Amino acid sequence: MSRRLFLSSLVIILITLLLSMLSVNFVFQRQFSDYLTHSTEAAIEQLPERLSSSYLSNGCWDPQALNNIAHTLPLGTEIVLKEPSGKTMLTLANPMESMMHNGSGMGMGMGMGMGMDYSVHEWKTKTLNVNGPQGILAIAVVHYPASARILNPSDASFVSAIYRSLLLAGSLALIIGILLSYWTSRRLVSPLQRLTKAVHRVGEGHLDEQVPISTKDEVGQLATAFNDMADNLKKQEYLRKQFTADIAHELRTPLTSIRSYIEAFQDGVLPADAENLTIINEEIERLVALSSDLKDLNVAEIGALKPNFTQINVEELLDKVIYKLYPLIQEREINLEWEKPKQSIVIQGDEHLLTRLFYNVLHNAYKYTQSKGQISIRIENSTLDVRVRVRDSGMGIPEEDLPFIFERFYRADKSRARQTGGTGIGLALVQQITQLHKGTIEVESNLGQGSEFTVILPKKPEDRSKSPSSEH
Ligand code: ADP
């Protein structure tokens, strides 16, 4: 690609150079030719005066002086000097061959090489009177090239100097262009080569791979996107490993406990009575709950969970959840404060999933609240959304754990959570369901004093997905 870029920019440079040199050459030829024609006409106009002053100063038609005058005229010019009666006196000329003998051949060759046309296509003849103080001294019949293509030595060297500098500037521009296009193509391509190598490395499983970002252009953006992707893959890989380890741990703990009980029964250390069988049953139920939570979470995470949105009366839904949990709450003598809304609040949502969401939040409030504690449920209604606040006077969550409680298997107090039968999946599921409803969940907690979970749900989730500005 670097070669292709370099070659294409080289072709562009060459075409540009060629076109600009051709146009300079064209303009120069036209201007210079016009200039020569004008100066030839001017020289011919001045000829009678010069001839007459040569005659008057020499007292006769001095051949040497006349020759000198002839040589200042355009190449190829011929002058026939006649007496007033018409008799030819002498003929003067500035022959073309003279240029070959006075060292300007090189200039001419150069000019020809650059496209100057020196052949004379058109001639002019003028008859001029050479006047003296007492009337006409002579008649000059001048035959000269009309379009002044033939250069005298000084014109030829001027033209060759112009073409030399044009060539020099062109070559310089070409060299600079080659260097610049080589540098730019390398500069453009080398980050892409680095990226290709890095992509291969990531493909081989080296997820630590990062590429330096030196620009903000498209290549820089590509490098940033690559780095983010590699970072993400690394995080995913870490989470996958962590997840597998967590599941293994979560499965092993109840299974080990069940095995120890069965071994104890077999060895006759413990009686297989109702009490011990209840413990085994609890462990089995834990495993069943874990696998069902895992299934739900997995379905929610891969996006296969298709919420079935219907009109939900939030108060009725919360009533049902509270009803399910009420025996447990009562058993612990927890004071439940349920501040019902003054008017019914209806939102669009999936009944089954929302029941699961509030069950998990309320169940947590119950699980982590000591007996004779306090749980309060409050609903705040607004035009766009509804906020359900569940506050408890339980053990609270340490500040350092707060950012992680919505992660799978995260439990702030592991030993306590095991006692309470927690798997660390409940809140992960709560978050997934909230997101499915385009809502958010917030938590405030003080260790030892209690926690407050606020679930914010839009009344119409599909409106929320259309207008990102209304996201929380
Ligand atoms: P678990 O099944 O362990 O309750 P969750 O995902 O529901 O898992 O909660 C994660 C962790 O967050 C819990 O283990 C607990 O440490 C903490 N937590 C959740 N809700 C509360 C609460 N109301 N009071 C105190 N801690 C809580």
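**Figure 1. A nonpolar patch on the surface of the predicted model, formed by Val11, Ile15, Leu18, Leu19 and Leu22**. Together these residues present about 490 Å² of accessible area. Leucine 19, one of the members of the patch, has its place in helix H1 and counts as exposed, with a relative accessibility of 54%. In soluble globular proteins, nonpolar side chains tend to be buried together.

**Figure 2. The edge-to-face pair of phenylalanine 28 and tyrosine 163**. Among the 8 aromatic pairs counted in the model, the rings of phenylalanine 28 and tyrosine 163 have a centre-to-centre distance of 5.6 Å and an angle of 85 degrees between their planes.

**Figure 3. The tilted pair of tyrosine 261 and phenylalanine 265, within helix H6**. The ring centres of tyrosine 261 and phenylalanine 265 lie 6.3 Å apart and the planes meet at 55 degrees, so the pair is classed as tilted. Both residues lie in helix H6 (residues 218-266), where they are 4 residues apart, about one turn of the helix. Phenylalanine 265 counts as buried, with 18% relative accessibility, because the cut-off for that class is under 20%.

**Figure 4. Arginine 332 over the face of tyrosine 366**. In this view the arginine is placed at 4.2 Å from the centre of the tyrosine ring.

**Figure 5. The largest nonpolar core of the model, with 46 residues**. Leu318, Ile347, Leu357, Phe358, Leu362 and Phe453 are the residues that touch the most other members of this core. Two or more residues each are given to the core by helices H7 (274-301), H8 (314-331), H9 (351-367) and H11 (426-436), and by strands E8 (374-381), E9 (385-392) and E11 (450-458). The largest share comes from H9, which supplies 8 residues.

**Figure 6. Glycine 396 and threonine 369, separated in sequence by 27 residues**. The C-alpha atoms of glycine 396 and threonine 369 are 8.7 Å apart in space. Glycine 396 lies in the loop between E9 and helix H10 (414-419), and its relative accessible area of 9% places it among the buried residues.

**Figure 7. Two lysines with positive phi, lysine 372 and lysine 438**. Most residues other than glycine have a negative phi. Lysine 372, found in the loop between H9 and E8, has a phi near 70 degrees, a positive value in a residue other than glycine, and at 64% relative accessibility this lysine counts as exposed. Lysine 438, although not a glycine, has a positive phi of about 60 degrees; its place is in the loop between H11 and strand E10 (440-446), and it is partly exposed, with a relative accessible area of 30%.

Terms used: Residues numbered from 1 in each chain as written. Predicted model: local features only at pLDDT ≥ 70, side-chain atom pairs only at ≥ 80, totals over all residues. Heavy atoms only, no water. Phe/Tyr/Trp six-rings, centres within 6.5 Å; stacked < 30°, edge-to-face > 60°. Buried < 20%, exposed > 50% of the residue type's maximum accessible area, 1.4 Å probe, protein only. Lys NZ or Arg CZ within 6 Å of the ring centre and 35° of its normal. Patch = residues over 30% accessible without salt bridge, like charges linked within 9 Å, V, L, I, M, F, W, Y side chains within 5 Å. Areas by Shrake-Rupley, 256 points an atom, 1.4 Å probe, with all protein chains shown as cover. Salt bridge = Lys/Arg side-chain N within 4 Å of Asp/Glu carboxyl O. Core = buried A, V, L, I, M, F, W, Y, C linked by side-chain atoms within 4.5 Å.
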